[in-house]
Amino acid sequence: MPAIPNSLQKMFSPAQINGLAMKNRIIKAATFEAMLDDNNNISNRCIDFHERFAKGGVAMTTLAYCAPEADGRMMDSYLYVREEIRPQLQKLADRIHAHGCMLSGQIAHCGGFSRNKKLIRKRPVAPSTQFSSVGMLYGNFFTMTMDKATMEEVARSYADCGRIMKESGFDAVELHFGHGYLLSQFISPLTNKRKDEYGGSIENRMRYPLEVLAAVREAVGDQFPILAKITMYDDLKGGISPEDGINSAILLDKAGIDGIIMSAGTSSQNPMLVFRGGSIMPGLLQYEKSAIMRLGIRLVGRSMFRNYPYRELYLLDIAKSIRAAVRCNLIYVGGATEVESLEKVMDAGFDFVQLGRPLLRDPNMVRHLEELNSRYINGCDHCNRCVAFMNDPAGIRCVLPPWKEATPHVPG
Ligand SMILES: Cc1cc2nc3c(=O)[nH]c(=O)nc-3n(C[C@H](O)[C@H](O)[C@H](O)COP(=O)(O)O)c2cc1C
């Protein structure tokens, strides 16, 4: 077996997050699986899906995305966490642990960008009332400003969700503070127009997200790892600036977060910043049942699905500015596909790396890296067709031929 370079040795070395032993530094990123049964429960196929990464050697895998209450689902077909699905969550945890792997669950509430036709409240909740271009075709024309009582109710749902996950055997939770979900709607000046103590300065815009963090912390206790996924910037005029990104990381650090996953983009307005690479628009059109919605996607397509060509480590530079500003664990995500990139992430002082598409391409990536180290080639070409499968009943998957040693896919 070839000698393992120093930087890869760090990658394979054990580490801890708030006392949780991680066998290496590689975490399966949240990739919304879309694998539910008819009772809005995770299917056995979803369990098999995560087991593949556990067997393949990652230190932790992430169930995604899990709404903390029914109205937190972007569509009524998405998962929300509740007491009755506990046995299946426990089954997932047991199967993952059998391979020495840890399990995290991503908790995300869609807030105002809901397309859910079966809302319990009259309208989708949001920091401020706004017209919803995403929801209008589903009857959700306007969002509803959250009053204090609703804010507390939603924060409690996050806390309950964290508690259910912990009691079901999960080892960590990941709170979504980014990608345009509810907490990010509070952080972004585009969606937060409040005049009270929850709007205005970044301290005010972070107030509710931090209250949610405090509620979850109280529910899971001090010894349980809580991670936060943030948007470092969203490249939207008047949206989340890089300064907001750094400041929100600093505030999370001060509030006792155990690790920050540094992403970018807002799914409802500028999703390509999250992924970079092939446009996800053709795939979304393929799965959109509503003709009007298809027309809408075509009309806004150019401005919404902007062209961000893929490059390795596309978030590294901005992530480094956060490394310089906080002390908590930092988890790099975004285009860490090939060996050299993984080495650079470790060399830059990040504690862990999350991988999305590279692991969809090769679920055994960690084992293969250990065997081949510098000779390993992942070969994901970032066509992003996996993303469109989020709306496919068969669930997400890679469209490339199965991974083989040293046979990178060459885009035709
Ligand atoms: C199919 C697919 C589904 C995704 N679903 C989620 C999700 O549910 N929540 C989330 O925060 N990010 C989601 N992402 C974004 C990834 O977590 C990650 O931030 C992004 O893919 C960049 O990492 P990568 O270059 O390693 O793929 C998804 C990505 C893909 C490819």
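N384 lies in the loop between α15 and α16, where helices (H or I, at least four residues) and strands (E, at least two) are DSSP runs numbered from the N terminus. The model is predicted: local features need pLDDT of at least 70, side-chain atom pairs count only at pLDDT 80 or more, and totals for chains, interfaces and linings use all residues. Residues are numbered from 1 along each chain as its sequence is written, and side-chain values use heavy atoms, with hydrogens and water left out.

- Phi of N384 is near 65 degrees, a positive value in a residue other than glycine.
- N384 is buried, with a relative accessible area of 2%; buried means under 20% relative accessible area, exposed over 50%, and partly exposed in between (1.4 Å probe, protein chains only).
- N40, in the loop between β3 (26–28) and α2 (44–55), also has a positive phi, of about 55 degrees, although it is not a glycine.
- N40 counts as buried because its relative accessibility is 12%.
- Most residues other than glycine have a negative phi.

**The ligand and its surroundings**

- Of the 23 residues around the ligand, A30, H176, K229, G335 and R357 come nearest; a residue belongs to this group if one of its heavy atoms lies within 4 Å of the ligand.
- The shell around the ligand divides into 14 nonpolar, 7 polar and 2 charged residues. Here Ala, Val, Leu, Ile, Met, Phe, Trp, Tyr, Cys and Pro count as nonpolar, Asp, Glu, Lys and Arg as charged, and the others, Gly among them, as polar.
- A polar side-chain atom of H176 lies 2.8 Å from an oxygen atom of the ligand.
- The backbone takes part as well: a polar backbone atom of G335 is 2.8 Å from a ligand oxygen atom, and a backbone N or O atom of G356 lies 2.8 Å from an oxygen atom of the ligand.
- Taken alone, the ligand exposes 600 Å², and the protein buries 97% of that; accessible areas come from the Shrake-Rupley method with a 1.4 Å probe.
- The elements that give two or more residues to the shell are β4 (60–66), α9 (272–275), α14 (357–361) and α16 (385–388).

**T337 and its contacts**

- T337 is placed in the loop between β11 (329–333) and α13 (339–347), and it counts as buried because its relative accessibility is 1%.
- The T337 side chain makes polar contacts with the side chains of Y310 (3.0 Å) and E312 (3.1 Å). A polar contact is a pair of N or O atoms within 3.5 Å; within protein, one must be able to donate a hydrogen and the other to accept it, and residues adjacent in sequence count only if both atoms are side-chain atoms.
- Apart from neighbours within four places in sequence, T337 is in contact (heavy atoms within 4.5 Å) with Y310, E312, P358, M365, N378, C380 and H382.

- L359 is found in helix α14 and counts as buried because its relative accessibility is 0%.
- L359 and K28 are 331 residues apart along the chain, yet their C-alpha atoms are separated by 7.1 Å.
- Not counting residues up to four places away in sequence, L359 touches I27, K28, F53, V58 and M365.
- In helix α15 (residues 365–372), M365, V366, H368, L369 and L372 are buried. These residues lie on the same side of α15 because they cover an arc of only 160 degrees around the axis, the arc being that of the directions from the helix axis to the C-beta atoms.
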